[in-house]
Each structure stands twice: as C-alpha cells, then as structure tokens.
Amino acid sequence: MTTAAASPSAFSRAFDKLLDAMAAIACAILALTLVAIVYDVITRNLNMYGVTWVLAMTEYGLVYMTALGTPWLLRNRGHVSIEAIRRHLPEPALVWLERLVLVLCIFACLVAIAATITVIDRYWTNYDTRARFLRRWWLYAPILVCFVLCAIQFLRFLFSPGTFFTPADTEEGL
C-alpha cells in the first residue's frame with residue numbers, strides 16, 4: 001500500500017513558480033546577450049555605428065543570469081556534492097552533517113545578504129560610467145534577491161523530510 005505524498009502548500013507552489021519564472025528570465029537574458037554580442041561584433045567589423053553600452057549590458061546580464069538561475073538550480077539539487085564523504089558515513093551521521101551544512105549555508109546567505117545591502121546602499125545614487133542610464137545598485141540587486149531566495153530554499157530543505165541528497169519526493173532530473 002502506497003501513501004500519497006502531502007500536496008505542497010500554497011507558499012511552496014508560489015515559491016516554485018517564482019523560481020521557475022526567474023530561471024526562464026535567466027534563459028531569456030542569455031539569448032539577448034548572445035544577440036547583443038553578435039550585433040556588436042558585426043557592427044564593429046563593418047565599421048557601422050555600434051552601441052557603446054553592449055559591454056556593460058553583457059556584464060550585467062552575466063550577473064543577472066547567475067543570480068536568477070541559482071535558486072532554481074539549488075531547488076533542483078543541481079550542484080556538486082562530495083560523494084566520497086557521504087558514501088562512508090553512517091545514516092545518523094549523514095543526517096546530522098547535512099543539517100549542519102544546511103544551517104551553515106543559511107548563515108552564509110544571511111552574511112551575503114547583509115554585505116549586499118551595504119553595497120547597494122553605497123551605490124544607490126551612482127550611475128555606471130559606461131552606460132549612463134544604469135544605476136550602479138542595479139548590478140547588486142539580483143545578488144540580494146538570489147541570496148534571499150537561496151536562504152529560503154535552504155530553510156525548506158532543512159525542514160523537509162528525508163535528507164538533502166535523497167529528497168522526499170521522487171522526481172528525478174532537472
């Protein structure tokens with residue numbers, strides 16, 4: 001007899017949809033970055049008028065792609081793990097170690113959040129010198145969002161049944 005898994009809460013469903021949307025936006029930014037770089041290279045090689053802000057936008061795009069995709073990647077456990085250590089630990093020690101690592105990850109996210117808030121405050125009124133329409137703090141805003149959402153995801157893992165590397169749900173793949 002199999003028991004049905006409890007359906008996810010409204011918060012979990014909304015949070016997962018947010019992460020999915022952010023990952024989709026990261027994919028769109030990747031495509032737009034590709035188009036912008038190709039356009040810039042072609043216009044420069046043909047001695048046509050090029051846009052001066054492509055480099056700055058590409059750098060911002062790399063930050064945004066990474067920051068928007070990281071919480072989704074974390075939720076899907078698409079990260080590196082040290083299998084050699086996990087394989088040799090007994091189950092009780094493995095569960096304890098995983099919980100400790102999750103708490104340390106939450107703490108690291110909170111430190112990163114505090115540091116990012118400080119940087120955003122410092123650059124609140126500054127503009128990027130290469131693209132005068134970009135505020136400097138826009139470069140750091142997605143990093144703040146990333147670490148806030150990663151901290152929430154680590155909390156979800158911490159209070160979920162099962163262990164971090166063997167999730168309670170049986171969904172496989174990304």
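How are α1 and α2 oriented to each other, roughly parallel or roughly antiparallel? I started the notebook with this pair. The model is a predicted one. I looked up the axes first: those of α1 and helix α2 (residues 54–75) come within 8 Å and cross at roughly 155°. The cut-off for roughly antiparallel is an angle over 145 degrees, and α1 and α2 are therefore roughly antiparallel to each other. I also noted the hand of the crossing, which is left-handed where α1 passes α2.

**Entry: overall content**

I counted secondary structure next. The protein has five helices and zero strands, and its pattern along the sequence reads α-α-α-α-α. I then checked burial for the chain: 31% of the 174 residues count as buried.

**Entry: α1 against α5**

I turned to the other helix pair on my list. The axes of α1 and α5 lie 12 Å apart, and the two helices pack at an angle of about 140°. That makes α1 oblique to α5. I recorded this crossing as left-handed.

**Entry: salt bridges**

How many salt bridges are there? I get a count of four. In general, side chains of opposite charge can pair when their charged atoms come close.

I took aspartate 16 and arginine 75 to begin with; their side chains meet in a salt bridge at 3.6 Å, N to O. Aspartate 16 is in helix α1 and arginine 75 in helix α2, so this pair ties together parts that are 59 residues apart in sequence. I looked up the cover on arginine 75 and found a relative accessibility of 14%, so this residue counts as buried.

Arginine 156 belongs to helix α5 (residues 141–158) and aspartate 16 to helix α1, so the bridge ties together parts that are 140 residues apart in sequence. Arginine 156 is buried as well, with a relative accessible area of 19%. The cut-off for buried is under 20%.

I went back to arginine 75 for the next pair. The side chains of arginine 75 and aspartate 20 meet in a salt bridge of 2.7 Å, N to O. This pair links distant parts of the chain, with arginine 75 in helix α2 and aspartate 20 in helix α1, 55 residues apart. Aspartate 20 has 37% relative accessibility and counts as partly exposed. I wrote the set down as one network: Asp16, Asp20, Arg75 and Arg156 are joined by salt bridges that share partners.

**Entry: two C-alpha separations**

I checked alanine 28, which sits in helix α1. Alanine 28 counts as partly exposed at 40% relative accessibility. The C-alpha atoms of alanine 28 and methionine 65 are separated by 8.8 Å, while the two residues are 37 residues apart along the chain.

Isoleucine 117 is partly exposed, at 46% relative accessibility. From isoleucine 117 to tyrosine 140 I have 8.5 Å, C-alpha to C-alpha, for a separation of 23 residues in sequence.

**Entry: nonpolar surface patch**

Which residues make the nonpolar surface patch of about 490 Å²? I listed Leu34, Val38, Ile42, Leu46 and Met48. The relative accessible area of isoleucine 42 is 43%, which means partly exposed.

**Entry: loop between α1 and α2**

I ended on asparagine 47, found in the loop between α1 and α2. Asparagine 47 is not a glycine but has a positive phi of about 55°. I set that against the general rule: most residues other than glycine have a negative phi. Is asparagine 47 buried or exposed? Asparagine 47 counts as exposed, at 72% relative accessibility.

Methods:
Residues numbered from 1 in each chain as written. Predicted model: local features only at pLDDT ≥ 70, side-chain atom pairs only at ≥ 80, totals over all residues. Heavy atoms only, no water. Patch = residues over 30% accessible without salt bridge, like charges linked within 9 Å, V, L, I, M, F, W, Y side chains within 5 Å. Areas by Shrake-Rupley, 256 points an atom, 1.4 Å probe, with all protein chains shown as cover. Buried < 20%, exposed > 50% of the residue type's maximum accessible area, 1.4 Å probe, protein only. Axes fitted to C-alpha atoms, helices over the stretch in contact; angles between N-to-C directions. Helix = DSSP H or I, 4+ residues; strand = E, 2+ residues; numbered from the N terminus. Parallel < 35°, antiparallel > 145°, perpendicular 65-115°, else oblique. Left-handed = near helix turned anticlockwise from the far one by under 90°.
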